[in-house]
Amino acid sequence: MAAMDLFGRRWALRILWELREGPLGARALLARCEGLSSSVLYQRLRELASSGIVANSPDGYELTCLGTALGDALRPLGDWATVWAQAQAQAQDGRGSVEA
C-alpha cells in the first residue's frame, strides 16, 4: 500500500515517465512537466530517491534498477491507456468505441 501512496501523489508517475529514457536534470524535468513547480518536483524526487526508485547522478536524475523494473511493470498499463484514449476520441467524434 505504501507504493500506491507514493505513486498516487501528484506528478510522481509523470516524473517517472519522463525519466524512462535516461537521466534528466531538474530544468529539463520542469520543462517537460508543464505546471509542475520546482518545490513539488524536488519533494517528489526526494520521496522517489528515498524509496530507491530514482537516484541523482552526475548526468541528472535517473531511474535505479528498481525504477526501471517499475517501468517495465507499468508498460501494460500504458498500452491499455493508449487504447482507452483512442476509444474516448472516437466516442467524442460519434464513431462508437474501439475494441482492443
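In strand β2, N56 finds its bridge partner in Y61. This is a predicted model, where local features need pLDDT of at least 70, side-chain atom pairs count only at pLDDT 80 or more, and totals for chains, interfaces and linings use all residues. Residues are numbered from 1 along each chain as its sequence is written, and side-chain values use heavy atoms, with hydrogens and water left out.

Back to the strands. β1 and β2 (residues 60-63) run antiparallel and are joined by 4 bridges; two strands pair if DSSP finds at least two bridges between them. Together β1 and β2 make a hairpin, with 2 residues between them. Strands here are DSSP runs of E with at least two residues, while helices are runs of H or I with at least four, and both are numbered from the N terminus.

Now take S57, which sits in β1 (residues 54-57). S57 counts as buried because its relative accessibility is 15%; the cut-offs are under 20% relative accessible area for buried, over 50% for exposed, and partly exposed in between, with a 1.4 Å probe and protein chains only. Setting aside neighbours within four places in sequence, S57 is in contact (heavy atoms within 4.5 Å) with P23 and E62.

Over in helix α4 (residues 38-50) you'll find E47. At 13% relative accessibility, E47 is buried too. Beyond its neighbours within four places in sequence, E47 is in contact with L6 and R9. With R9 there's also a side chain to side chain polar contact at 3.4 Å. That term means a pair of N or O atoms within 3.5 Å; within protein, one must be able to donate a hydrogen and the other to accept it, and residues adjacent in sequence count only if both atoms are side-chain atoms.
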